[in-house]
Each structure stands twice: as structure tokens, then as C-alpha cells.
Amino acid sequence: MTSILICTFRNLPSTSESHFTFSLIPVLTQSFAVQSHKATQTKSKKTLAKPNIRNIVVVDGVRIPFLHSGTSYKDLMPHDLARAALTGLLHRTSVPKEVVDHLVFGTVIQEVKTSNIAKEAALGAGFSEKIPAHTVSMACISSNQAMTTGVGLIASGQCDVVVAGGVELMSDIPIRHSRKMRKMMLDLNKAKTMGQRLALISKFRLNFLAPELPAVAEFSTGETMGHSADRMAAAFAVSRLEQDEYALRSHSLAKKAQDEGLLSDVVPFKVPGKDTVTKDNGVRPSSLEQMAKLKPAFIKPYGTVTAANSSFLTDGASAVLIMAEEKALAMGYKPKAYMRDFLYVSQDPKDQLLLGPAYATPKVLEKAGLTMNDIDAFEFHEAFASQILSNFKAMDSDWFAQNYMGRKTKVGLPPLEKFNTWGGSLSLGHPFGATGCRLVMTAANRLQRNGGQYGLVAACAAGGQGHAMIVEAYPK
Amino acid sequence: MVASRAIGSLRRFAASRTFRPPGYICRNFTRSSALLARTYINYGVKGDVAVVRINSPNSKVNTLNKELHAELVEVMNEIWASDQIRSAVLISSKPGCFIAGADINMLSSCKTSQEVTQISQEAQSMFEKVEKSPKPIVAAISGSCLGGGLELAISCHYRIATKDKKTVLGSPEVLLGILPGAGGTQRLPKMVGIPGAFDMMLTGRNIRADKAKKMGLVDQLVEPLGPGIKPPEERTIEYLEEVAVTFAKELADKKISPKRDKGLVEKLTSYAMTIPFIRQQVYKKVEEKVQKQTKGLYPAPLKIIEVVKTGIEQGNDAGYLSESQKFGELAMTKESKALMGLYHSQVQCKRNKFGAPQKDVKHLAILGAGLMGAGIAQVSVDKGLKTILKDATLPALGRGQQQVFNGLNDKVKKKSLTSFERDSIFSNLTGQLDYQGFEKADMVIEAVFEDLNIKHKVLKEVEAVIPDHCVFASNTSALPISKIAAVSKRPEKVIGMHYFSPVDKMQLLEIITTEKTSKDTTASAVTVGLQQGKVIIVVKDGPGFYTTRCLAPMMSEVIKILQEGVGPKKLDSLTTGFGFPVGAATLMDEVGVDVANHVSEDLGKAFGERFGSGSGELLKQMVSKGFLGRKSGKGFYIYEEGVKSKNLNSDMDSILASLKVPPKPDVSSDEDIQYRLVTRFVNEAVMCLQEGILATPAEGDIGAVFGLGFPPCLGGPFRFVDLYGAQKVVDRLRRYEAAYGKQFTPCQLLIDHANSPNKKFYQ
């Protein structure tokens with residue numbers, strides 16, 4: 001009976017193309033039923049292992065709780081968060097520090113003092129100074145890039161054990177002096193005589209003191225991401241109500257997952273001078289009425305993207321332990337999942353800024369030789385409710401598939417009962433550099449807990465880029 | 001302060017120089033029977049909001065004509081009568097055009113000023129009904145909203161515009177020698193303030209949506225959308241409509257007010273404008289400025305000021321009456337006929353009569369990174385052409401690259417480009433010293449030094465490296481293309497593309513075809529020129545082609561006049577007083593005395609006496625002393641970096657004194673001097689048509705106005721003959737011929753026209 005329910009449910013969105021709205025109630029009640037649904041269907045492929053390529057596994061992964069910026073982590077430095085994630089990973093996996101060959105971290109807004117934050121965090125977490133570490137940046141998919149960099153190092157035989165992670169501290173961002181002020185200060189450094197110094201100082205003007213904030217806007221287009229998300233919602237005819245409903249779903253599912261203790265990747269973090277933080281603090285299920293009261297945040301006064309249906313500025317860090325399968329087994333580990341095919345995509349940063357998942361999903365499935373039906377757990381990054389819904393509409397549109405994706409037919413929708421069932425970035429938070437690892441670990445943990453073989457992780461990022469990866473559950 | 005702002009806003013007023021595509025669109029009358037269902041306008045009702053969609057049939061743009069007007073009246077009456085409808089949205093179904101203006105043919109087909117006045121009064125009364133509508137009306141603007149379109153929009157209660165590059169608002173009537181005749185002169189000052197309104201109506205410039213929002217011309221902006229469930233343009237219009245409908249509802253529900261919050265400066269300005277003394281000062285200053293710039297040659301700007309003044313000082317009724325009467329009067333003036341004619345011709349010269357070339361030009365190579373070469377490169381990369389800029393030396397190349405960058409960067413400063421767009425456009429340019437990549441070039445434009453031997457050398461070099469299909473275009477102002485093509489292995493691929501300096505500002509491109517140039521080569525050149533945003537005339541090869549050939553006899557007369565003792569300053573003021581944008585002596589300095597010398601020698605040899613009169617000695621001596629004009633810092637005037645006022649070059653006195661000839665008093669009045677210059681120009685232009693150098697008079701007019709600055713108020717040499725009368729032109733020529741000789745002998749075609757008064761260049 002459950003399977004009939006599921007089947008009808010899966011067909012639901014695609015049959016109601018013209019009026020694409022979510023009915024949340026069935027989703028919420030359905031998610032219980034889904035858990036009993038084991039991966040009994042036959043898959044297109046038994047495994048994604050490839051001959052002559054090393055199997056790469058994620059042994060385990062952790063994250064410190066994701067917090068609203070400006071809360072408990074606000075007095076720390078970014079590498080402190082990364083350090084806490086590393087310590088948590090060491091504790092969780094008991095991996096001897098010396099077997100780690102390399103560390104990679106992703107981050108977006110860089111603290112200039114720790115521009116190679118991976119190295120500072122590793123040293124601070126007690127890793128040997130002999131272990132190299134580097135930092136990568138690819139906007140919201142920075143830690144995805146960190147992980148796939150690790151995969152590359154292992155696959156090419158350079159390393160056996162890599163720690164990958166990501167970190168973001170939005171509570172403290174580098175606000176700079178203005179260019180004119182910096183120039184004057186630098187020139188002052190070089191000035192040799194008092195006369196030269198005075199001459200320079202005499203050029204000082206009050207407006208030199210105006211600070212320079214890190215750009216919140218896309219550099220190439222000058223448009224903020226929220227603004228672009230709002231335009232995209234309009235382009236795909238996504239209504240405010242649909243967005244609010246989706247955001248509410250995210251918060252409700254996250255709350256449930258939190259309450260049931262499903263978010264096992266979270267490790268507690270004793271913040272110096274403060275209480276131990278044990279859980280994410282952004283999960284706040286509200287009501288549609290309350291959400292409807294909010295004013296648009298970007299396109300005023302008639303836009304549809306609001307604070308309630310967008311992800312919020314978040315502090316947090318995450319880390320995963322990646323190994324070659326034979327190494328993990330030799331060390332006696334029981335890995336959580338294989339990391340399989342992955343790819344990155346890129347589109348127009350103006351009008352298709354956040355459509356990465358729609359483009360990347362069909363491509364990664366094709367690359368792996370799987371279909372949508374093979375996937376048991378979808379974990380998509382939720383930058384904005386409008387972004388998720390626009391991606392859905394893009395995937396559900398033959399017109400879009402034919403005119404923009406070079407496909408004959410539409411991609412099709414991921415069934416909602418398999419989609420972000422433990423909440424997502426909208427509710428759990430989105431520390432830019434750290435979200436990727438959370439997605440992979442959530443997919444792996446969901447497969448381990450609910451059964452199922454394949455998970456699909458997808459995310460969008462500034463610059464019009466996107467990423468997708470197939471995660472295969474490690475057999476029990 | 002207010003006055004100075006008004007003046008500042010007028011700075012760009014230059015009817016003579018910047019003739020942009022105005023908002024009046026020429027379209028043939030489509031006589032739709034009144035019995036048919038509505039063809040121009042339809043409307044649907046969304047909830048309690050009527051959505052009125054404007055869609056002129058069989059046209060890319062919507063224009064206000066009698067049919068559309070009648071249907072609008074009908075539809076609006078239905079809306080006002082309906083109990084179900086509480087508000088309305090006016091929108092166009094055409095992406096890229098709200099309403100581009102009134103139908104220009106509707107106006108030019110009127111025989112009397114009364115007819116035109118009546119058209120104006122009908123529109124006035126309709127728009128007044130819209131303004132006074134008890135049900136709020138929202139104009140949803142996407143694309144051009146010009147002239148009558150703007151007047152309709154500002155009579156609505158609320159305006160929402162798409163914030164894209166195609167959406168522009170403006171009152172370009174002045175560029176056609178008329179005024180906004182549907183209430184615009186009365187509503188605009190109330191909406192954007194008196195100085196702002198004068199600026200819009202007197203310059204006729206297009207205002208982008210974001211600027212319009214700042215000025216208070218529109219109330220809300222809608223961002224253009226990217227791809228979604230439908231093509232972007234289609235969905236953007238839909239979205240605009242959705243947003244407009246919500247605002248219309250809120251207006252009907254009185255949730256929002258159509259009144260706009262004004263900024264502090266705006267409040268102060270409008271307060272100042274309530275003081276009669278300040279208003280008078282503003283009128284006075286604006287009038288002075290207009291007088292100074294138009295030299296009284298253009299009646300429209302002065303009438304606009306008068307009508308605005310009447311409305312403000314004597315009330316609406318007087319204002320509307322004055323507007324409709326002056327509108328009628330202006331439409332009958334020679335100036336307006338000349339400007340409208342010019343507009344028609346411009347539209348023709350923006351079309352590709354030669355069809356698409358067999359192979360699209362995607363890779364362009366330009367030889368010579370000088371002023372012209374770099375200018376051509378700039379207008380090419382701008383439109384996405386991959387362009388190679390080649391020069392022989394690194395410093396010359398660097399200078400050229402810098403020129404292209406500066407040109408683009410100026411647009412960033414004016415905010416019409418972002419710095420990022422600038423960089424990405426600039427990446428289309430490759431600067432190099434060798435012929436690498438020429439094997440992929442679809443067209444090569446050479447802009448090397450004007451010397452036949454050098455041109456031959458590069459032609460041979462280039463032909464060794466380019467593919468077979470590649471077009472070789474020569475940017476020369478006087479060297480006959482057939483002579484350049486003489487050394488070519490494939491003369492059918494050789495063509496002339498004569499650009500005007502500065503290339504990014506001057507709209508004209510003169511394309512020169514030889515006997516051997518193939519149709520496809522011409523099609524290629526025209527296509528590239530149109531891509532570069534040029535207005536194109538295609539002429540036959542011959543010494544000086546068309547433009548240079550017309551200019552040369554006039555320049556020869558300039559020298560003669562200078563020899564007769566008229567000073568350069570006086571000469572300049574006489575020529576600008578006739579309507580030329582640049583004085584004759586200044587023009588010589590700008591073109592370069594050496595170039596002028598070169599050209600006059602060449603053409604003198606080719607055409608003999610007709611190009612004589614002024615002594616060639618003057619230019620020779622100037623060249624030998626290094627007085628080459630602006631580029632050398634000295635010509636007739638002295639040019640210094642950062643100094644705006646020009647001083648006469650006193651070293652010229654001795655040269656002029658040595659060549660002095662006695663003036664002939666009976667043909668040396670100010671008017672005679674002006675006509676001696678203009679009739680020689682006109683006579684030569686007509687001769688070009690007679691000889692088949694020119695294909696049509698329209699191209700002749702466009703070439704003269706856009707390339708040489710022939711007074712736009714006269715409409716070009718051919719329009720001038722039509723309006724002024726061929727007989728009178730011939731009479732003048734005969735009188736000067738008697739005094740000076742053969743250079744003034746009227747050509748046969750001109751005489752033919754004089755002999756049969758029904759003969760006109762434009763029927």
C-alpha cells in the first residue's frame with residue numbers, strides 16, 4: 001500500500017504542470033511512511049564502482065552547529081570554527097592525525113590574516129606541521145570543491161587519506177579602509193622624511209575614512225543574489241505563497257529531524273567564555289500567516305523573496321574524512337558512503353545565477369548511468385525557496401530543457417518525499433564555505449538510516465556555477 | 001540656482017548635430033474599415049482591472065494614428081461605463097515598444113495647419129479624459145515610449161517601466177521641428193519641473209527607465225527577466241502586466257497614492273518655481289540659450305518655450321489652445337518638412353538594400369591603429385565583432401588600444417556600461433603587429449596613411465594572408481577605390497568604407513563601390529556598417545566619391561573668401577549662422593590642413609576649373625609652416641591643451657595678407673558669402689546625382705547632413721533645392737558665375753529642375 005501511495009505521490013507534481021503548487025500536508029505525513037520504504041526497487045546499476053579507478057569513501061563527517069551570524073560564535077575567528085570541526089572529526093573517527101596526508105578547506109569571505117585557513121586550522125587542531133593543507137574558494141560550493149579536490153588527490157594516487165572541510169564566519173567580515181586611505185597609508189610607510197610624511201598627510205580628506213564593505217553583489221553584474229533570486233522567481237512564475245510554503249516545509253522538517261536526533265553530523269562546540277553549543281539555532285517553524293506579513297527584502301515593494309523564505313547569514317564549519325576504500329578497510333573503518341561521479345556546471349551569472357542544480361542533476365545522472373528513479377535521497381542546497389522552486393520548474397519544463405539545456409525533453413522532478421527530508425539551508429543555515437560537506441553527510445546519513453543506495457547532492461553558487469555529486473551508500 | 005540648472009540641462013541642446021532617431025515613426029496608412037473588429041487595441045478584464053493591450057497590426061512598433069486613437073476612445077468609454085471595472089492598465093503587446101510616437105505620415109499628409117491643430121485637439125481632449133478618469137489608469141511601459149506615447153503615459157495616474165536598455169522615454173518632437181502636441185507641454189512641467197521639462201522637450205533626448213524614475217517620470221521599475229517558463233521578452237511583458245495589475249488594484253483600493261515623494265532638491269526647485277520672478281528668469285535664460293544655439297534657424301524650440309510659458313502663466317485652457325495652434329503652425333514650416341524628410345531618409349539609410357551576405361562577418365581585422373582605425377575598432381567590438389587591430393609599431397598600436405579603451409570607459413562614466421561590460425567588450429579586441437589570425441578574417445578594413453603607394457603595399461601584403469572570401473575595405477576619404485583595387489588579385493572583393501571622424505560619434509558611413517565590386521561584397525560592407533550602428537549611403541567610385549567631392553568646392557570658396565579679407569572668425573560665424581554646426585575655418589582645422597591640401601590638389605586635377613577659385617597657395621604655405629590645424633596645435637586658430645576659448649593664429653596674418661585679392665562688393669554681402677558657399681556645395685551634390693555617383697537624393701541629403709554637417713534645418717542639398725526653389729538657386733549661381741566664372745555654372749540637372757517647376761527631387 002505504501003508503495004502505491006508513493007507512486008501516486010511521485011507522479012503528483014508532474015501531472016499538475018500548469019498549477020505547480022506544493023501541498024505540504026501530504027509531504028509531512030508521508031515522510032514517515034517513506035522511512036519504511038527500503039531500496040527494494042531494481043536500480044539501473046548495481047554499483048557505480050569503475051574498473052581501474054580507486055573506490056573512494058567518506059568515512060564520516062561532522063559539523064559544528066550552524067548559528068545565525070552575530071550569535072554565540074561572534075567573537076571567534078573563522079579558523080576557530082574550522083578547528084572545532086576538525087577536533088570534532090578527530091573525536092568522532094578516532095583517526096590518528098599522522099595518517100592524514102593532506103587537508104583542504106573551502107571558504108568564501110576570507111579573513112585576510114588566515115588566508116590559507118586550512119593550514120591555520122590544522123595546526124590549531126593539533127595536526128602535525130608536516131601535513132600540507134590548502135584552501136579553495138568557489139562561492140557556495142567551496143566545500144564541495146574541497147571534497148572533490150580530495151577525491152582527485154586520492155584517485156590519482158597522490159594521497160590515501162584527506163580531510164576536507166569548509167568554514168564561514170559571517171559575524172566578522174573584513175571591512176577595509178577605502179582605496180584612497182590604503183594608498184595613503186602605504187605611501188606613508190615608504191615616506192622617509194618628516195616633510196614627505198606631512199605632505200602626504202595634508203592630502204588626507206575626510207571621505208578617505210568611508211569604509212569598504214565586501215561586495216554582497218555579483219561582481220560581474222552588480223546584482224545581489226536575492227535580487228536575482230526574485231527575478232528568477234518571476235521568470236518561472238513562482239508565487240510568494242509557494243515560496244513561503246516551501247520555506248515552512250524546510251523549517252518543519254528540520255525541526256522534526258532535530259527533535260528526533262537525526263542530525264547526527266552535529267558535534268557540540270564549547271565556545272570559550274560561553275556555553276556549549278549543541279544545536280543549530282536557525283530552525284524556526286512559523287506560520288504562513290506570519291510569513292505573509294513580511295515585506296519583500298530585495299525587489300521593493302512588490303517582489304516575492306523575503307527574509308523568511310531565504311537562507312540567513314550563518315556561522316559554521318564542517319569537515320569530512322575521505323579515504324581510499326582499501327585504506328579505510330585496512331584501518332578497520334566501516335565507511336558511510338562512496339563518493340562517486342561528480343561535476344561542475346556554469347551558466348549566465350545574470351539571468352541563470354542559481355540554476356546550477358537544474359543543469360547539473362541530469363548531467364551527473366547521465367554520467368553515472370542512473371535515472372531520477374534510482375535516487376533514494378536528494379540533498380539540494382536551499383539558497384532561497386525561490387531558487388529551489390525555480391530549479392524544479394526548470395527541470396519540469398520541456399520548453400526550458402529544449403531551449404536552454406540542449407535536451408529533447410524535460411529532466412523531471414525529484415519526488416518531494418525523497419527531497420531534503422531533514423531540512424535544508426533555509427532552516428539549518430548556510431555558512432557559505434561549509435554547506436557542501438553538510439549536504440554530502442546528510443545524504444549519506446539518510447541513506448544509512450532510511451535504506452536506499454544512491455543519493456544525489458546538488459548546489460548552486462555565485463558566478464552562475466553549480467555542482468552535483470552521486471553518493472552511494474556503503475553496503476552494510 | 002534654478003536658472004543655472006535649467007541652463008545646464010540645456011547644454012546638450014544641439015539640434016543641428018545630434019539628430020537621433022525621433023519618436024515619430026513612418027508607417028504607411030493602413031486604412032482599416034471602421035466596421036472591422038478592433039485591430040489596434042483589445043482589452044481583457046483581470047478581476048476588476050481592465051488590461052488594455054495596444055498592438056498595431058503588421059508593424060514592429062505602435063504608432064498613434066487616427067485608427068488607434070478611435071479605438072482607444074471606444075475602449076476607454078467601455079471601461080468607464082462598466083460597473084465591473086474599477087481600474088485599468090495600458091500596455092503594449094509588442095516587446096520593445098510601448099508607443100513610439102505619432103504617425104509621421106498622418107501629420108505630413110495634412111494640407112493646412114488647421115488640420116494639424118485639429119488632430120492635436122482631439123488627442124488633447126482624449127488624454128484629458130484619461131487624466132481625469134475616476135478609475136485609476138496605470139501605464140505599463142516596456143520599450144520605447146516617445147512623443148505621443150509619452151504624452152499618453154503621463155496623462156495616466158501611475159507609470160511602471162521595465163528597467164532595460166530598450167525602454168526609453170522622451171519627447172523627440174523638437175528634432176522634427178514640431179512640439180509635443182497632445183498635452184505634453186502642459187503636463188511635463190508639472191511632472192518633472194520646469195527645468196526638467198525644458199530639457200526633455202528642447203533636446204528631445206531619450207531618457208532611460210532608471211533615470212526616468214529618479215526624475216519622477218515613472219513611479220515604479222520592473223526588472224527584465226531572464227529565461228524561465230517562456231522566452232525572456234515574453235515573460236517580462238507578462239510580469240510587467242502582473243505587477244501593473246496589482247498596482248492598479250491598490251490604487252483603486254486607495255492602498256497607495258499616485259502622489260510621489262519629492263526629494264529635497266526637487267521640493268526646493270518646485271518652490272522656487274512658484275516665484276514669478278524666478279520663472280521669468282528661467283524663461284529668459286532658456287530663450288537666450290536656445291537663440292544662441294539655434295541662431296534662430298529653428299522655430300520649434302522657441303515655440304515650445306512660448307507654449308510652456310502660456311500654460312504656466314495663463315492657465316491650462318490657454319496652454320492647451322496655444323499648444324494645438326503652435327503645433328499646427330510648426331507642422332507647416334519648411335524646417336519641419338526638412339527635418340521630417342531627413343528622418344524618412346535616415347530610416348531608409350538604416351536598411352540593408354543589398355540583402356544578407358553569403359558569409360557573415362565574424363572576424364574583422366583593421367590595419368592602422370590611428371584615430372580612424374581605432375575608432376572603427378571601437379564601434380566594432382562594441383557590437384560583438386571579434387576585431388584585430390594591427391599597426392606597424394608598438395607605440396602606435398598602444399595609442400590605438402588606449403583610444404578604444406577610453407571610448408568604452410567614457411560610457412562607463414556615463415553609466416551606460418558597467419565596468420565589467422566594458423572589460424568583456426574590450427576582450428573582443430586583439431592588438432598585434434603581425435598578420436597572425438588574418439587567415440580567419442572575413443573582412444579587413446585598412447585605415448593606413450592616405451598614400452596610394454602605401455595602400456598598394458598593404459593590399460598586397462594582406463592578400464597574401466587572407467582567405468578567399470575575405471573582403472578588403474579601404475577607409476579613404478579621397479583616393480579612388482578603383483586605383484587602390486588596381487593591384488588586387490580579386491578586385492571584386494575590394495570596396496571603399498569611408499568613415500567620418502570621430503568614428504564613434506559620427507553616424508555616417510559612405511560605402512564606395514567600383515565597377516568590379518561584387519554585390520556580395522557590398523552586402524557584407526553594408527551589413528557590417530549597420531552592425532556598427534551607422535547610417536549608410538552607397539555611392540559609386542570617383543574622385544572624392546560623394547562627400548569629399550561636395551566639400552571640396554565649398555572649401556575652395558572658403559579660401560577665396562578668406563583671401564578677400566573676411567577673417568576666420570567672421571567666416572565661422574557666417575557659416576554657423578547659416579546652420580552649419582562647425583564654422584568653415586574651424587572645420588578646416590579639424591579636418592587637417594594637410595589633408596585638405598592633399599584633397600584639393602587631387603580633386604583639382606580631376607575636375608579642373610570647377611574646383612578652383614581659392615588659391616591653393618594658402619594651404620601649401622600653411623602646411624609648410626606646420627599649421628596643420630588642431631592636430632599640430634596651430635591652424636587658423638591656436639589650440640592648447642585645457643584651453644577652451646580659441647584664439648586666432650596671428651602668424652596667419654602674413655600669409656593671408658600676401659595672398660589677398662580685392663573683394664567684389666556686389667557679391668560680398670554676408671548673405672552672398674553664405675550663399676556662395678552653399679550653392680557651390682549644392683551644385684556639386686546635384687551633379688553627383690546627375691552623374692550617377694549618387695543613387696538617390698535621399699542618400700545625398702543624409703551624406704551631406706550626417707557626414708559634412710550641412711544644415712539639418714535645410715534638410716540636405718536636395719531638400720534645400722526643393723524647398724528653396726531650383727530657380728532661385730540657379731539665379732544665384734548665375735549671378736556669382738557672372739562675377740567669378742565657371743566654378744558657379746549650374747549643372748544640367750539643376751537647370752532642368754529650374755525650368756520645370758513641377759520637377760522635385762522628392763515627389
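Here is a walk from the contact between the chains to a few side chains inside each one.

A note before you click: this is a predicted model, where local features need pLDDT of at least 70, side-chain atom pairs count only at pLDDT 80 or more, and totals for chains, interfaces and linings use all residues. Residues are numbered from 1 along each chain as its sequence is written, chains are lettered from A and ligands numbered from 1 in the order in which they are written, and side-chain values use heavy atoms, with hydrogens and water left out.

**Stop one: where the chains meet**

Select the residues in contact (heavy atoms within 4.5 Å) across the two chains: 17 residues come from chain A and 18 residues from chain B. Together the chains bury about 1600 Å², 65% of it on carbon and sulfur atoms; buried area here is the accessible area (1.4 Å probe) that two parts lose on being put together, summed over both. On the chain A side, pick Ala235(A), Tyr302(A) and Trp399(A), which lose the most area to chain B, together 37% of what that side buries.

Now show the cartoon, with helices (H or I, at least four residues) and strands (E, at least two) taken as DSSP runs numbered from the N terminus. Helix 8 (225-235) and helix 14 (398-404) of chain A each supply at least two residues of the side that touches chain B. The largest share, four residues, comes from helix 8 of chain A.

How many salt bridges are there between chain A and chain B? The count is zero, a salt bridge being a side-chain nitrogen of Lys or Arg within 4 Å of a carboxyl oxygen of Asp or Glu.

**Stop two: salt bridges within the chains**

Over all chains, the structure holds 68 salt bridges. Zoom to Glu212(A) and Arg176(A), whose closest N and O atoms are 3.0 Å apart. Glu212(A) sits in the loop between helix 7 (194-202) and helix 8 of chain A, while Arg176(A) is 36 residues away in the loop between strand 5 (161-168) and helix 6 (179-190) of chain A. For accessibility, buried means under 20% relative accessible area, exposed over 50%, and partly exposed in between (1.4 Å probe, protein chains only). Glu212(A) is partly exposed at 27%, and Arg176(A) is partly exposed at 44%.

Hop over to chain B and select Glu557(B) with Arg676(B), a salt bridge at 2.9 Å, N to O. Glu557(B) is in helix 21 (residues 547-563) of chain B and Arg676(B) in helix 27 (residues 670-690) of chain B, so the pair ties together parts 119 residues apart in sequence.

**Stop three: Thr117(B)**

Stay in chain B and find Thr117(B) in helix 4 (residues 113-131). Thr117(B) is buried at 12% relative accessibility, and its side chain reaches the backbone oxygen of Ser324(B) at 3.2 Å. Leaving out residues up to four places away in sequence, Thr117(B) touches Ser324(B), Gln325(B) and Gly328(B).

**Last stop: the cysteines**

Finish with the sulfurs. The structure holds zero disulfides over all chains, a disulfide being a pair of cysteine sulfur atoms within 2.5 Å.

Notes:
A polar contact is a pair of N or O atoms within 3.5 Å; within protein, one must be able to donate a hydrogen and the other to accept it, and residues adjacent in sequence count only if both atoms are side-chain atoms.
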